[in-house]
Amino acid sequence: MKSKILRDGDELFLYVESDDSDELERFADKLSLELPHSIFLHETNVKVVDEMPEGSFVLAQESKPAMPFCPKCLGEVMDESNENYYNVFHECEVCGYDVHGEKKSYKDDFVNLAKSISDGLVVEVNTFYGKYFVGMLSEKCKGVDFDIISYALGTVAHYTNATNSEIAAMGAIEKPFVKLKTNIKFKMDFEDITNELIRFKLPDDLVLHLLLSELNKLGINLIFITKEKLPFDVKFDLVEYKKELEPIEVVVGDNHIAIVKGEKGLPYNNLENKTLIPHIGAFFSVIKEHSLLEKTVVGVNISKEYHNDMLVYSKKFGTIEYLSFAFNFSSIKDVLDSIISTNETGEKLVENFKNKFPEHFETISAIVFDEKEFNVYKLWGIVSIILGYFKEKNLAKSAKILEESASSFLGTKGPRIDYKLKSIGNKVYLDPLMTIRTAMSFKLAQVDQLTLSYGVIESFVEFISTQLDEIKEEMKSDAVVVTGSLLQNRHLFSKLSKEVSVNHKLYFNKELPVDGKNILYGGNELF
């Protein structure tokens, strides 16, 4: 059949011509079966047109990225009548890891390996992209940083509160990790696992898929996987991987998907490591990916590691920092003294807090910080320490406790925490004291940890949304881009995606993590 490809921005058009309508229908059916669902594939549809358009587009010749199995190859590997039945090295021009071995059935190897795991043994296994330790979910997971691989999406839905959008993303050809909250069924069936927030994914290479396939026959549909070296009983090194690759993790909203971390299956592996300003590089990475250089763009940078701010870019006036989230404190005592010095209400709040929690107040007053730069995540860390969720000076660990508490919240609304602005010289900053003060007030009112933690994050998103509305009215912005590892938080991302999209065209990185390699990619635009 005669065909041609055209492209318009992110849309790819395949035109196919035939005098036989049945032939066209057969082609459409075949394409629908073999075209993998992808986290980058937002929509497909088929329609009849009167004639072939003018012009053409040639897809660039690029090396195949390291990708999990496609539907076509998987069907052949699982077909007993196919010559590639249980051939772990089977791949095609779409999928695979470019690792080669003897073409034969390896079924017996996986039957034996599954039997070892079902007997409670830990296995060291070489996948196509790295070495891992796997086994049944048990007390062996305690104290270990582990993830879970599920045989099927139905099992994930059974044991977590995953949304339909998250389930759909997990089933994509990239087979990404998604961090999910486990439910009561999970706690009942796996009593030794105390973690509530765990990353789940489906098998993302044929080693893991064939292993899970055999375990499923033994009634086991979930196993743990970890990079941490564990005492193991069996070694499975059938595959010699070429390069160790980190699987991608995504966060999913109803309208958007963002890549939080990882590299497997992603482009741009050879970016130069230049000295860049992280929040500027991240901002321009989204502008570059979505071709927004001719627009007026607002950027929200909310990294856990780097400087946080809101930027505005326009071809007319360049890039300006509209709002900074930077602040500075030397200790918890410094924070509390600053609240006391603001006004009489602040002084009374600290006095009441001290009287209500005297031992706790004395303990946290001795905590001294050793931070080069403060941002929103560090602010949450301070709040977490003052509220009593964490007892040490490490603000990143403290913020993580608050963040995970918010992620475990199953309600729909938290208390309203104040995020206010203050001017210093000619610049506008976030006032951290107002956030801390209102959090302390709700602590005194005995609001529980999950609800209060959720309120801290929910109110921040509402604050961002309000600021974006004001910027749009003032500066007539065309688009909003958001970057940074704070997007990893499921509640924050989902609420941000939903609320900001109402009044703005919202963009995230398309094919890059929201914190990391995107900085290099965006920085290239500045040189």
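Mentor: In this document a residue is buried under 20% relative accessible area, exposed over 50% and partly exposed in between, using a 1.4 Å probe and protein chains only. The model is predicted, with local features needing pLDDT of at least 70 and side-chain atom pairs pLDDT 80 or more, while totals for chains, interfaces and linings use all residues. Numbering runs from 1 along each chain as its sequence is written, and side-chain values use heavy atoms, leaving out hydrogens and water.

Trainee: How do you know whether K175 is buried or exposed?

Mentor: K175 has a relative accessibility of 9%, which is under the 20% limit, so K175 is buried. K175 sits in the loop between helix 5 (164–170) and strand 6 (178–181). Helices here are DSSP runs of H or I with at least four residues, strands are runs of E with at least two, and both are numbered from the N terminus.

Trainee: What is noted about the phi of K175?

Mentor: Phi of K175 is near 50°, a positive value in a residue other than glycine. S291 also has a positive phi, near 55°, and is not glycine. S291 belongs to the loop between helix 8 and strand 12. At 63% relative accessibility, S291 is over the 50% limit and therefore exposed.

Trainee: What makes K315 and E294 a salt bridge?

Mentor: The term requires a side-chain nitrogen of Lys or Arg within 4 Å of a carboxyl oxygen of Asp or Glu. For K315 and E294 the N to O distance is 3.0 Å, so the pair meets the rule. The two residues are 21 apart, with K315 in the loop between strand 13 (309–314) and strand 14 (318–324), and E294 in the loop between helix 8 (278–289) and strand 12 (297–301). K315 is exposed at 57%, and E294 is exposed at 59%.

Trainee: How many salt bridges does this rule give?

Mentor: The count is 29.

Trainee: Why do E458 and K413 tie together separate parts of the chain?

Mentor: The closest N and O atoms of E458 and K413 are 3.5 Å apart, which makes the pair a salt bridge. E458 lies in helix 15 (residues 449–475) and K413 in the loop between helix 13 (395–407) and strand 15 (420–424), so the bridge joins parts 45 residues apart in sequence. E458 is buried, at 3%. Another salt bridge, 3.3 Å from N to O, pairs R416 with E462. This pair is 46 residues apart, R416 being in the loop between helix 13 and strand 15, and E462 in helix 15. R416 is exposed at 59%, whereas E462 is buried at 14%. Salt bridges with shared partners join K413, R416, E458, E462, K495 and E499 into one network.

Trainee: Which residues of the largest nonpolar core touch the most other members?

Mentor: They are F325, W380, I382, I386 and F460, in a core of 68 residues. Such a core is a set of buried Ala, Val, Leu, Ile, Met, Phe, Trp, Tyr and Cys residues joined through side-chain atoms within 4.5 Å. Helix 15 supplies the largest share, 10 residues. A second, separate core has 33 residues, including F110, V125, F128 and V239.

Trainee: What does W380 touch?

Mentor: Leaving out residues up to four places away in sequence, W380 touches A399, L402, Y419, V456, I457, F460, L486 and L492. Contact means heavy atoms within 4.5 Å.

Trainee: How do you know whether F89 is buried or exposed?

Mentor: F89 has a relative accessible area of 11%, under the 20% limit, so F89 is buried. F89 lies in the loop between helix 2 (71–77) and helix 3. With residues up to four places away in sequence not counted, its contacts include F128, L238 and V239.

Trainee: Why is K261 called partly exposed?

Mentor: The relative accessible area of K261 is 32%, which falls between 20% and 50%, so the middle class applies. K261 is in strand 11 (residues 257–261). Apart from neighbours within four places in sequence, K261 is in contact with R199, E246, P247, I248, E249, Q488 and P513.
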